Amino acid sequence: MTDFAIIVSSKDPAGINIRNNLIGLFDFEKINEKFDDNKIYQNKNIKLYLTNNDLVYSEDIDKRIDADILIFASKHRSKENTPSFAVHAIGNWNEARLGGKEKMLCPSSAVLLKNMFIELNENAKNSGYEITLEATHHGPFVEKPAVFVEIGSTEKEWNEKDNGRIIAKTIMNAIKNENKTYKIAIGIGGPHYCSNFNKIALRTDIALSHICPKYALQDLDEDLMKQSIQKTTEKIDFILLDWKGLGTEKQRIAEILRNMNFGFERTDKLSKN
């Protein structure tokens, strides 16, 4: 059985909101263990941890937690303050501005990301919030598969009890809903909030792991491409290119993949099928 750790920060109102809903709605019980001097709760193969650090700077937290997969539940900020729910893999395509290590990706699970995104869309369908995959970004650096699931983007949304309920329900349902029949892909190109990849994740049997957005393409090289493949729990079937979202990098990215002898598909071709 896979052991899961759900991790929230005591500094994060959205994380506390999600934690309270997990404890209140599901059968989490206090156990005789502590983490950062905070009580740990458990529901079967899932443990709920509270850290006193900011999540993005909780480097190597996986070394202190006995789990197979880490789920970080947190707040999300955006310049536009758009009410939103988001899920994404973690790591840095270039410099480490918000935790993690420069040009280092962290392990992730395409299946868990897809299941979580599908659950978000189901649980929040009447919320009026934007529901989106995000490109891979920020820390912490960990060496176990990890995903972030977030409430955005202001104090109002972070503290809204129903938003905590939506994320709590999403996490618990996604953990139960394991599906091994997806086609597994890495996403390359397009905006940070992945409009084309969102459609594909919802409408097809393709599950996406790491996503490299257009703004980071100049830093994408063969090493990072290999990292994205190797640091996905599931075997990658192909690279999925947001073709229009590659801009002037189209031929260079295609050449990297040909040199690696790795197949790719294009979003504009898939959407016509």
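How many bridges join β6 to strand β7 (residues 130-133), and do the two run parallel or antiparallel? Four bridges join them, and the two strands run parallel. Here, two strands pair if DSSP finds at least two bridges between them, while helices (H or I, at least four residues) and strands (E, at least two) are DSSP runs numbered from the N terminus.

Before going further, a word on the model: it is predicted, so local features need pLDDT of at least 70 and side-chain atom pairs count only at pLDDT 80 or more, whereas totals for chains, interfaces and linings use all residues. Residues are numbered from 1 along each chain as its sequence is written, and side-chain values use heavy atoms, with hydrogens and water left out.

**The eight-stranded sheet**

Strands β6 and β7 belong to an open sheet of eight strands with mixed pairing, in the order β2-β3-β4-β1-β5-β8-β6-β7. Its edge strands are β2 (29-35) and β7, each pairing on one side only. On average, neighbouring strands of this sheet are turned by 20° against each other, direction ignored. Such angles run from 0 to 180 degrees between N-to-C directions, with axes fitted as lines to C-alpha atoms, for helices over the stretch in contact.

Strand β6 (residues 84-88) is largely enclosed by the rest of the structure, because five of its five residues are buried. Buried means under 20% relative accessible area, exposed over 50%, and partly exposed in between (1.4 Å probe, protein chains only). Ser 84, Ala 86 and His 88 cover one side of β6, and Phe 85 and Val 87 the other.

Helix α4 (residues 161-176) lies across β1, β3 (38-43), β4 (46-51), β5, β6 and β8, running at about 155° to β8. Contact in this sense means heavy atoms within 4.5 Å.

**The four-stranded sheet**

A second open sheet has four strands in the order β10-β9-β11-β12, with parallel pairing. Here the edge strands are β10 (206-212) and β12 (264-266), each pairing on one side only. Neighbouring strands are turned by 30° on average, direction ignored. Helix α5 (residues 195-203) packs on this sheet and touches β9, β10 and β11, its direction making about 160° with that of β10. Helix α7 (residues 250-259) lies across β9, β11 and β12 and runs at about 175° to β11.

| Strand pair | Bridges | Bridge partners |
|---|---|---|
| β6 and β7 | four | Val 87 and Leu 133 |
| β9 (183-188) and β11 (238-241) | four | Ile 188 and Leu 241 |

**The largest pocket**

The largest pocket has a volume of about 880 Å³. On a 1 Å grid over the protein atoms alone, a pocket is an open set of points with protein on both sides within 12 Å along at least five of seven lines, and lining residues have an atom within 4 Å of a point. Grid points are joined across faces, edges and corners, and a volume is the space filled by probe spheres (1.4 Å) set on the points.

The lining counts 28 residues, of which His 76, Arg 77, Leu 98, His 137 and His 138 lie nearest the centre. Strands β5 (69-76) and β8 (146-152) each supply at least two lining residues, and the largest share, three residues, comes from β5.

**A loop residue**

Lys 235 lies in the loop between α6 (222-230) and β11. This lysine counts as exposed because its relative accessibility is 69%.
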